[in-house]
Amino acid sequence: MACENGAVHATKHEGAGNDFLVVLDPADTLRLSVGQVRLLADRRRGVGADGIIVVRPGREGTDLSMELRNADGGEAEMSGNGIRCLAQAAVDAGLVRPPHFTVATAGGVRTIEYAEGDAPGWAKASVDMGPVTLGPDQPQHFEDRKVRTVDVGNPHLVLLGPDVASVNVEELGPQLQAPFASGINVEWITVAHDDEGELLDFRVYERGAGVTLACGTGSVAAAAAARSWGVVKPDGVVRVKNPGGMLEVTLDEGSSTLAGPVRKVADIEIHPGMLS
């Protein structure tokens, strides 16, 4: 929302290291160009973020609506971590009241469950991610990996292999995205274990953002693909270890849920010169 001096007020949040700049626009007047989004997301010349979210009034009976832009300025359908960051910003500003509220996104209506965390600035948010659609296996293209496309309201390519740590994500990500005209998020996973049991070790190259520390929709896609291949338990929560932190995915027939921590990083006034 605009400040008295013409600046735009924003807050920065992160979910498992996936960071977003959130701007509340209850009057529905702010329009950001591709160039403005790119500048704001730039980690040297701007504020820095994996994506920019503008929170607008709800539509079709929802409490709020979300406009999501990737760091390259392009529009995106949905972000599991982004919408959880939106939740914290909206609750803090009093636009909605927990524990439950709804948000309209380009990928469909999402219901959020929100609770304050144990430390100042922290919260836990879970979001109904809607149905997951599995594409066909594509093993013929990869000798050492299982591969399939997955749709979680946005597109994903999930690769199951022996060791995600050895993957050159920055090099392979663009190569694997290239055949998809509208772009695709690419995830590499392997099954691992820690003191709490089974988990998916996970790395990601996101459409419009590149290598990121976490991806919420990607974690859901990874969990769904892993379960379809029978490499994780057939029911219950699937833990997905993103480079930036742990996310939890619950898969039910016709629906999915993403849960994890979210943290407020900063209040920011964007100088009007940045947007001129």
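Beyond its neighbours within four places in sequence, Asp144 is in contact with Leu160, Gly161 and Pro162 (contact: heavy atoms within 4.5 Å). The model is predicted: local features need pLDDT of at least 70, side-chain atom pairs count only at pLDDT 80 or more, and totals for chains, interfaces and linings use all residues. Residues are numbered from 1 along each chain as its sequence is written, and side-chain values use heavy atoms, without hydrogens or water.

Asp144 sits in the loop between strand E8 (133–137) and strand E9 (146–151). Helices (H or I, at least four residues) and strands (E, at least two) are DSSP runs, numbered from the N terminus. The C-alpha atoms of Asp144 and Gly161 are 6.6 Å apart, with 17 residues separating them in sequence.

E8 and E9 run antiparallel and are joined by 3 bridges; pairing requires at least two DSSP bridges between two strands. Asp137 has Arg148 in E9 as its bridge partner. E9 also pairs with strand E10 (residues 155–160), antiparallel, over 6 bridges. Here Thr149 stands opposite Leu157 of E10. E9 and E10 form a hairpin with 3 residues between them. Gly153, in the turn, has a positive phi of about 90°.

Helix H3 (residues 169–177) has Val169, Gly173, Leu176 and Gln177 buried (buried: under 20% relative accessible area; exposed: over 50%; partly exposed: in between; 1.4 Å probe, protein chains only). Viewed down the axis of H3, its buried residues fall within an arc of 95°, so they line one face of the helix. The arc is taken from the directions from the helix axis to the C-beta atoms. These buried residues pack against E10, strand E11 (185–194), strand E12 (197–206) and strand E13 (210–211).

The structure holds 13 salt bridges, each a side-chain nitrogen of Lys or Arg within 4 Å of a carboxyl oxygen of Asp or Glu. One of them joins Arg263 to Glu14, with the closest N and O atoms 2.9 Å apart. Arg263 lies in strand E16 (residues 255–270) and Glu14 in strand E1 (residues 8–15), so the pair ties together parts 249 residues apart in sequence. Arg263 is partly exposed at 32%, whereas Glu14 is buried at 12%.

A salt bridge also links Arg239 and Glu196 (3.6 Å, N to O). Arg239 belongs to strand E14 and Glu196 to the loop between E11 and E12, so this pair ties together parts 43 residues apart in sequence. Arg239 is buried, at 10% relative accessibility; Glu196 is exposed, at 67%. Salt bridges with shared partners join Asp25, Asp28, Arg31, Arg56, Glu67 and Arg69 into one network.
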